[in-house]
Amino acid sequence: MMWEERLRCEALRGRIMSADEAAMLITDGMCVAVSGFTPSGCPKAVPLALARQAKAGRRLRLTLLSGASTGEEIDSAWAEAGILARRLPYMTSKPLRAAVNGVSEPGVAYSDIHLGEFAQNARYGAYGPVDVAIIEAAAVTPEGDLIPTTALGCSQTWLDLASTVIVELNLRQSAELEGLHDVYRVADPPRREPIPLSRVDERIGVPYLRCEMDKIAAVVVTELPEKPRALPGADETSRRIAGHIVRFLENEKACGRLSVDSLPLQSGVGAVANAVLLGLGESGFSHLRFYSEVMQDGILDLLDAGKADFASATSLSLSEAGMARLIGHLDRYRDRIVLRDSEISNSPEVIRRLGVIAMNTAVEADLYGNVNSSQMNGTTVYNGIGGSGDYARGACLSIFMTASIAKEGKISCIVPMVSHVDHTEHDVDVIVTEQGLADLRGLSPKERALAIIENCAHPDYRAQLRAYFDEACAATHGAQTPHVLSKCFSFHENLRLYGSMKGPDPDTQPGFQGE
């Protein structure tokens, strides 16, 4: 398809320029916001041009805002070129992680923020003015509205806030994506009305991004391909974790409590998430619905098998084969998939109203149900909290999952006290490892500790955890949450010994999800 068929707005055809020309609109010290959520839907040509110019000697130190993580064309390329001065709200890039943690220079100031509240904070001005927005589009309507590509994220907010807009018209992205999106602007408090979404399959907005045409300074036509995520394989640990979760959900239904036949699921990205989707497909559940940040291949499988009815997300986090399947058969998916703004997909208000059953991953969990999902040894950030807090706080049922051990058994992921708290015990209903599942609802802290030790801890560490708990109970004379602070951190000695940057790799650790 020629670019003229995609760029339907005559007034914008005179603003076409090369990626290098558009990159010159961005100058040192600016705040740049980009479209996308995960690598999906991110601009590519202009960010790569900026990286080339910086490596050639052009002075550029920028603040970067996004919906979540970005593709390697931005986070990785900019970190390696020394462009990034400040990064918000989330990242998964290894080069950027090294810069954030002081392993490489120049360093990057990183602020880890709940994804669901990021757009509103930006509109309030918490992160300063947005100078330039770079937005990827599959097409531009005659009126100048933008048709998004494979993710929405915070794109509409960036278009509203930015002084200057650069549109990347990506001809490699399918024009068939038009109509898949539901863009809904929310008013900020105190003028906000309830978000009018009471069913997963409702549409409440418009299928395009709106932008003042005078803001658009450049249209860059590109055919750079999106680099989809490789699907992580489900290993034995992941399959065992998934098996515990599916059996638990089956028991919940049998007991007349909660059922995924009637309540939507949130499922992240990773080996365990894939295994859970596979397990749900093999279970007796039907009419599944998903209300999540990301959609991966397993949801397409469930839709194709007639096990799922609908999926709502903000990003298509599909493999290359999964994306080809979606685009090749959009006629059968179009009425069963919707992409929303991340402010809607991650809204605790909507999550609570729908009764979402949330499943997220942890780096470690402690005896009382507190969860660390972002840092190693309390000092080294891996990715960030992402949207897990949005879902944990609003969910009808909040499940956290992790392998019981890491580094070939040298590290226990069940510890007396987490080294960093992302999710307090009040937002955690269930903890599950490959060893088993602990239902913490209604339990006192001491009852939680016993349930987690017996069901979730690896056998190699259970005796040590029991000994700690017994000593803490004796030392504190029956206190509500027994701790011996001088000893609880001994469980983190292995993290220091093996190096926090050499801990569990979020790209390979069973069950570790990014967004």
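The following legends describe close-up views of a predicted model.

**Figure 1. Strand 5 (residues 132-137) pairs with strand 1 (residues 31-34) and with strand 8.** Strand 1 and strand 5 run parallel and are joined by three bridges. Within this pairing, Val34 has Ile134 of strand 5 as its bridge partner. Strand 5 and strand 8 are also paired in the parallel sense, over six bridges. Here Ile134 has Ile166 of strand 8 as its bridge partner.

**Figure 2. Strand 8 (residues 164-170) is mostly covered.** Of its seven residues, six are buried. Strand 8 pairs with strand 10 in the parallel sense over six bridges. In this pairing, Val165 stands opposite Ile216 of strand 10.

**Figure 3. Helix 3 (residues 45-55) is largely enclosed by the rest of the structure.** Eight of the eleven residues of helix 3 are buried. These buried residues are Ala45, Val46, Pro47, Ala49, Leu50, Ala51, Gln53 and Ala54. Among the elements that cover them are helix 2 (19-23), helix 4 (72-81), strand 5, strand 8 and strand 10. Just after helix 3, Gly57 adopts a positive phi of about 115°.

**Figure 4. Helix 10 (residues 297-304) is likewise largely enclosed by the rest of the structure.** Six of the eight residues of helix 10 are buried, namely Asp297, Gly298, Ile299, Leu300, Leu302 and Leu303. Helix 10 is followed by Gly306, which has a positive phi, near 75°.

**Figure 5. The largest nonpolar core comprises 44 residues.** The members that touch the most other members are Ile245, Leu288, Phe290, Met295, Leu316 and Leu326. Helix 8 (residues 236-254) supplies the largest share of this core, with six residues. A second, separate core consists of 43 residues, including Leu62, Ala81, Val108 and Ala218.

**Figure 6. Leu326 is shown with the residues that it touches.** When residues up to four places away in sequence are not counted, Leu326 touches Leu300, Leu316, Leu318, Tyr333 and Ile337. One of these contacts, Leu300, is among the buried residues of helix 10. Another, Leu316, is listed with Leu326 among the core members that touch the most other members.

**Figure 7. The second largest pocket has a volume of about 340 Å³.** Rolling a probe the size of a water molecule over the atoms shows where empty space is left. The lining of this pocket consists of 19 residues. Those that lie nearest the centre of the pocket are Thr150, Gln173, Glu226, Pro228 and Met323. Helix 11 (residues 320-328) contributes the largest share of the lining, four residues. By type, the lining residues comprise nine nonpolar, five polar and five charged.

Definitions and conventions. Residues are numbered from 1 along each chain as its sequence is written. This is a predicted model: local features need pLDDT of at least 70, side-chain atom pairs count only at pLDDT 80 or more; totals for chains, interfaces and linings use all residues. Side-chain values use heavy atoms; hydrogens and water are left out. On a 1 Å grid over the protein atoms alone, a cavity is a set of points where a 1.4 Å probe fits but cannot get out, and a pocket is an open set with protein on both sides within 12 Å along at least five of seven lines; lining residues have an atom within 4 Å of a point. Grid points are joined across faces, edges and corners, and a volume is the space filled by probe spheres set on the points. Helices (H or I, at least four residues) and strands (E, at least two) are DSSP runs, numbered from the N terminus. Ala, Val, Leu, Ile, Met, Phe, Trp, Tyr, Cys and Pro count as nonpolar, Asp, Glu, Lys and Arg as charged, and the others, Gly among them, as polar. A nonpolar core is a set of buried Ala, Val, Leu, Ile, Met, Phe, Trp, Tyr and Cys residues joined through side-chain atoms within 4.5 Å. Buried means under 20% relative accessible area, exposed over 50%, partly exposed in between (1.4 Å probe, protein chains only). Contact means heavy atoms within 4.5 Å. Two strands pair if DSSP finds at least two bridges between them.
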